[in-house]
Amino acid sequence: MKRFAKIKIALTVLILGSIFARPAFAQDPPTPVAPEALPKRQANFAWDKTLLRASFSYRDALTASLIGKLSNGLPTVIAMRAAVIEDGKTTPVAAAVRSCRVVYDLWDEVYRIRVTSSGGERDLAVINIEGVMRQCTEARDMVVVDKSLLKTGTAYFLGVIVDVNPVSTEMLEQMRHWVSRPTGSTGIGPSDALFGSFVGLFVRSIGSADNTVRFRTQSVTP
């Protein structure tokens, strides 16, 4: 009887342990990252009358493994979101997006690219990976904000998220809707779900793409 009692106690402990113990593979939820604390990357800013334009690179979004897959004939999507954020804040005041869809044409041996941005959609063909990198992993003279949305003498920076083959079709649809705005209409309102809290975006996008790159630019003061 004593032996039976010991076995019963051991089984009870084992069952309770399986209920309350954390699985060995469980991970803590990702810690939100303040946009200001992101790795800093240099951008070129220039004023075009009242519009602020930005140029920067995110070539590291396409890893060697992803570059190797570009020629398999399947589509690759590089989706970039850039938010204008006041220093010390987390909620953006304006945003710009840019996406690039790449498919290798096995018959003609060229990369077919569709670039979607505030300037609309454009289709082009390039013959090599370098052409893909220039067209799909570099933002050049991209309109990010109208000066009327900024406070004079206050510093702002760009918080950038780049997803390669994002899982969320809803996010891609929101991006397509965003770029349908007229050039310069980058201001964010309460109903603009594409951005909302930029801190939350860093958490939600973890593990939802083949690769994700996040960074911030240096500050610029109007």
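Start your selection at Lys 49, in the loop between β2 (44–48) and β3 (51–57); helices (H or I, at least four residues) and strands (E, at least two) are DSSP runs numbered from the N terminus. The phi angle of Lys 49 is near 60°, a positive value in a residue other than glycine. Lys 49 counts as exposed because its relative accessibility is 79%; the cut-offs are under 20% relative accessible area for buried, over 50% for exposed and partly exposed in between, with a 1.4 Å probe and protein chains only.

Some ground rules before you click on. This is a predicted model, where local features need pLDDT of at least 70 and side-chain atom pairs count only at pLDDT 80 or more, while totals for chains, interfaces and linings use all residues. Residues are numbered from 1 along each chain as its sequence is written, and side-chain values use heavy atoms, with hydrogens and water left out.

Next, pick Glu 109, in the loop between β5 and β6. Here too phi is near 60°, a positive value in a residue other than glycine. With a relative accessible area of 55%, Glu 109 is exposed.

Now zoom out. The protein has five helices and ten strands, and 43% of its 222 residues are buried. Of its contacts (heavy atoms within 4.5 Å) with a separation of 6 or more, 72% are between residues 24 or more positions apart.

Then the disulfide: select Cys 100 and Cys 136, whose sulfur atoms are 1.9 Å apart. The rule asks for a pair of cysteine sulfur atoms within 2.5 Å, and by that rule there is one disulfide. Cys 100 sits in strand β5 (residues 94–105) and Cys 136 in helix α3 (residues 129–136), so the pair links distant parts of the chain, 36 residues apart. Both Cys 100 and Cys 136 are buried.

Stay on β5 and step to Ser 99. Is it buried or exposed? Ser 99 is buried, because its relative accessible area is 17%. Leaving out residues up to four places away in sequence, Ser 99 touches Ile 78, Ala 79, Arg 114, Val 115, Thr 116 and Met 175.

On to the cores. A nonpolar core is a set of buried Ala, Val, Leu, Ile, Met, Phe, Trp, Tyr and Cys residues joined through side-chain atoms within 4.5 Å. The largest has 39 residues, and Phe 56, Met 80, Val 102, Ile 113, Val 132 and Val 144 have the most contacts inside it. Apart from that core lies another, of seven residues, among them Val 97, Met 171, Leu 172 and Met 175. In soluble globular proteins, nonpolar side chains tend to be buried together.

Click Val 144. Neighbours within four places in sequence aside, Val 144 is in contact with Leu 52, Ala 54, Val 84, Ala 94, Ala 95, Ala 96, Leu 158 and Thr 186.

Phe 215 is the next stop, in strand β10 (residues 211–217). Phe 215 counts as buried because its relative accessibility is 1%. The C-alpha atoms of Phe 215 and Leu 158 are separated by 8.4 Å, though the two are 57 residues apart along the chain. Leaving aside neighbours within four places in sequence, the contacts of Phe 215 include Leu 38, Pro 39, Arg 41, Phe 56, Tyr 58 and Leu 158.

On a 1 Å grid over the protein atoms alone, a cavity is a set of points where a 1.4 Å probe fits but cannot get out, and a pocket is an open set with protein on both sides within 12 Å along at least five of seven lines; lining residues have an atom within 4 Å of a point. Grid points are joined across faces, edges and corners, and a volume is the space filled by probe spheres set on the points.

The largest pocket has a volume of about 250 Å³. It is lined by 15 residues, with Arg 98, Ser 117, Ser 118, Gly 119 and Arg 140 nearest its centre. β8 gives the largest share of that lining, five residues.

The whole structure holds two cavities of 30 Å³ or more.
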